[in-house]
Amino acid sequence: MRDEHQLHAAVVELVAHTKAEIKYSTVQNWYPGDKEGKGGIYNFVTKRGICMGDSAKISWTQVETGSAITWKYPSVILKGDNSIGEFYSVAVTNNRQQADTGTKMIHIGKNTKSRIVSKGISAGKSQNSYRGLVEVHRRAENARNFSQCDSLLMGDKCGAHTFPYLEIKNSTAQVEHEATTSKIGEDQIFYCNQRGIDTEAAVALIVNGYAKEVLKQLPMEFAVEAQKLLAISLEGSVG
Amino acid sequence: MLSIRNLHAAIDGKEILKGLNLEVKAGEIHAIMGPNGSGKSTLASVLAGREEYEVTDGEVIYNGTDLLELSPEDRAREGIFLAFQYPVEIPGVSTTNFLKTAVNEVRKYRGQEPLDAVQFLTRMKEKMKLVNIDQALLSRSLNEGFSGGEKKRNEIFQLAMLEPKLAILDETDSGLDIDALRIVAEGVNKLRTRDNAVVLVTHYQRLLDYIVPDFVHVLYKGRIVKSGTKELALQLEEKGYDWIKEEVSA
Amino acid sequence: MTTTSTMDKADFKSKLLTHFDTFQRGAAQDNSPRTLSALQQDAFQHFRTLDLPTTRHEEWKYTNLRNLLQNDFSFATAREASALSAAELAPHLMEHGDANVLVFVNGFYRRDLSNLVSPVEELHVENIGQAREKYTEAIDKYFARVADYQKDVFTAMNTAISDNGAFIFVPANKVLQKPVYLYFITDATRGNVVSQPRNLYVLGRNSQATFVESFRTAGEYIGFTNVVTEVVTQENAVAEYYKIQNETANAHHIGTTQALQGRDSKFSSTTISLSGSLIRNNLNIVIDAENCESNLYGLYVLNGKTHVDNHTLVDHARPHSYSNELYKGILDGKSTGVFNGKIMVRPDAQKTNAFQTNRNIVLSPEAAMNTKPQLEIFADDVKCSHGATTGQLDEEMLFYLRSRGIGQKAAKALLMQAFAGDVLNHIRLEPVRNYVENVIQNRFHTNA
């Protein structure tokens, strides 16, 4: 059973009417397979939301640490005027895992806003991709988007990839995109060691600091869980 | 407390320390000076356990144990503190959070209960006064975007929080204006007790006007070639290192 | 159009060339044992071959010198015209309290108006022209070695002609307790005048000192100040440098401040421009050693037709250094501003941290701001950032203040003071901060 793959294919749809607000949080730690990539869940999920009415808000928050392969793009269609869409994501991959995740923000109404914060962490021989679309329709006056896509690499056999798509058809749109790629440096780990913090704890500290912006979006009890999960998923990946 | 005998160390196959001897007793302050590239920072790194450096010969006994056998974190937990020449930046991790983790890891190792949030904050407030550092700086990501002076003061603040037995200050005085230098020196002086020791690695005699050492050593070509008291440092300031080099080659 | 501008340039330049000849002869007739140095001759040769810049030069794209260069300047009379009395001078000084004061009128040192209070162990001062005798090593090593007269025509002009200005040396391990105020007064009460001070400040190993350069023009004629200041911080030295410009509407200023930093040294510069006709400030910092810190602060509060151009360069050539730059401007009336900030990180300069910010508030539709941040990074393990904004006062903030009963004028003044405060808070010398705050406060309350 553990040597084979299982499929998890879920569909979630959210509808927010006028002035309604939905916050949807996920922490996923399905079986990722063994170190060599044997077994594990295929996690192919469809998640969509629509802000139907004016001033509606949908916020997706996800912490993805498990599954052999994850394909997942929680999206928001911003149809109502002044509606808001948010996507906060931390995706951790280790060993042979693959995660391909991101979001779509479709701006249709006027004065719509979206915010994307994606934090990828790759270790071992894993591959981690952000794939996202920001689309501003012709009549979507004054649309605003801010995207931040950061990647953190541990070791030199893993990969991080960023595929942002921006399709802007209205000149009043303000779209900002920021991306960084960094490495957990030996010198950071040594600095922690020198203060009495062992390497595992140092990695947990650095990773949680890096993912803080997303983790703080989670409900309290989830956040504590997620922090521990990050540490466990990365166990043995440095040193 | 610390006994270094015939220490040889290399990086990338190149020998930097070539038979270094040093004895440090509790309550003492030692200053290690020397021209650029003489091995001062290598010594500090080897004592703290930086892995790039390979110890090829000799021994380091610290309070009766073989220091070189210990991992970097265990050296820290045993009371060795290195104030880094170039403190490292860790984005997203506040100084407060970092130190809370460090203090409690050290306590765990020593079989002590972790400090709770209130106890920790009380201790922090007390030590903050010592080095004149403010709360805003401690809430920011560790060392990120700090100026040189802020980083160095933060190192001394960490020193105060961790209360080590042996503090090694690697060029902590470099790049400080006179006010910052005084704050750093006062911090070190206030933390001085009969049971702990300080090793100052420095480039500039000026620091020794504020922290008075019991011994001054000159490191040259990987070895301590001359030892003396504060007067030796004054001589070095006045005459430079050339006369030492001549003495060595003579 | 092109022809006239060429004519103007030729006029200005040919007059200067003639002046240089008389200057050279004069120096020989003076019974002075010193003749012009090879370096001055060399600088003069460069001045002869270099073009005066037009807006077609990339570095002068937004600053047009035509109005300046078409004026009829008399180069020869600068010394005779520098007879300002102590009473006439008084309104140009700050309330600097107990400090070292050096006064230069049209570039010439006025011993009668100057006063040194620091002991001679801490502070050595000479006229730059006579400094070589006593300070041969420092002059040979640093004078005109740092500021590039081979490429910059105004630096060449200054290097060739001027041998008046301050040479200041702070010996190793000395902390200068009292700051040095240098007043550069251009006396344009009797005619158009060119003033060319030349300064070199050398801070020995482990030393620390503060310098304030204040630029004023007296009189209604046209003044042109072409100043070059070189600052050298040797190992572990700390220099604090202020440049304050509060000039007349007929005053032109082209200045270059060039810093060279040694290992573990710290150089902080604050440039404040309050008024003038045309002001160009070049600030170039060369970090050619490890573990240096440089701070560059700037504030320009402009109205009328004032034009201010701040060109800065931080050249990181060695690893582990930190530079932080913050320039802010408030532009009203028909004033125009330029910010051109370049950060260079050379391949060896790993672990460099370099930050740059330029923020501007444009209050009137006729005022304009041109900003050009440039980052050139050739090392891969560095942290660099830049940000630039130009906008109006925040309407919502203004409305919020007014809804609390604060009048429009007072509300605007409050917001502008807060905006300027980010820079003013870095001024550690109280007399300087008070002086600048007073000037801009009066400005905000009368203009807003």
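A polar contact is a pair of N or O atoms within 3.5 Å; within protein, one must be able to donate a hydrogen and the other to accept it, and residues adjacent in sequence count only if both atoms are side-chain atoms. With that in hand, here are the close-ups. This is a predicted model, in which local features need pLDDT of at least 70 and side-chain atom pairs count only at pLDDT 80 or more, while totals for chains, interfaces and linings use all residues. Residues are numbered from 1 along each chain as its sequence is written, chains are lettered from A and ligands numbered from 1 in the order in which they are written, and side-chain values use heavy atoms, with hydrogens and water left out.

**View 1. Where chain A meets chain B.** Chain A brings 18 residues to the contact and chain B brings 30, with contact meaning heavy atoms within 4.5 Å. About 2,000 Å² is buried between the two chains, and carbon and sulfur atoms give 65% of this area. Buried area here is the accessible area (1.4 Å probe) that two parts lose on being put together, summed over both. Look for Phe190(A), Tyr191(A) and Arg195(A): they supply 38% of the area that chain A buries against chain B, more than any other three residues.

**View 2. Polar and charged pairs across the A–B interface.** Between chain A and chain B there are 11 residue pairs in polar contact, both residues at pLDDT 80 or more. The side of chain A that touches chain B is made up of 8 nonpolar, 6 polar and 4 charged residues; Ala, Val, Leu, Ile, Met, Phe, Trp, Tyr, Cys and Pro count as nonpolar, Asp, Glu, Lys and Arg as charged, and the others, Gly among them, as polar. The rule also finds 2 salt bridges across this interface, each a side-chain nitrogen of Lys or Arg within 4 Å of a carboxyl oxygen of Asp or Glu. Arg195(A) forms a salt bridge with Glu155(B), their closest N and O atoms lying 2.7 Å apart.

**View 3. An open sheet in chain B.** Four strands run in the order E2-E1-E4-E5, with antiparallel pairing. Strands (E, at least two residues) are DSSP runs, numbered from the N terminus, and two of them pair if DSSP finds at least two bridges between them. Strand E2 (14-24) and strand E5 (65-66) of chain B stand at the edges with a single partner strand each, so one side of each has no neighbour in the sheet. Strand E1 (residues 2-11) of chain B pairs with E2(B) over 8 bridges; Ala10(B) has Glu15(B) as its bridge partner in E2(B).
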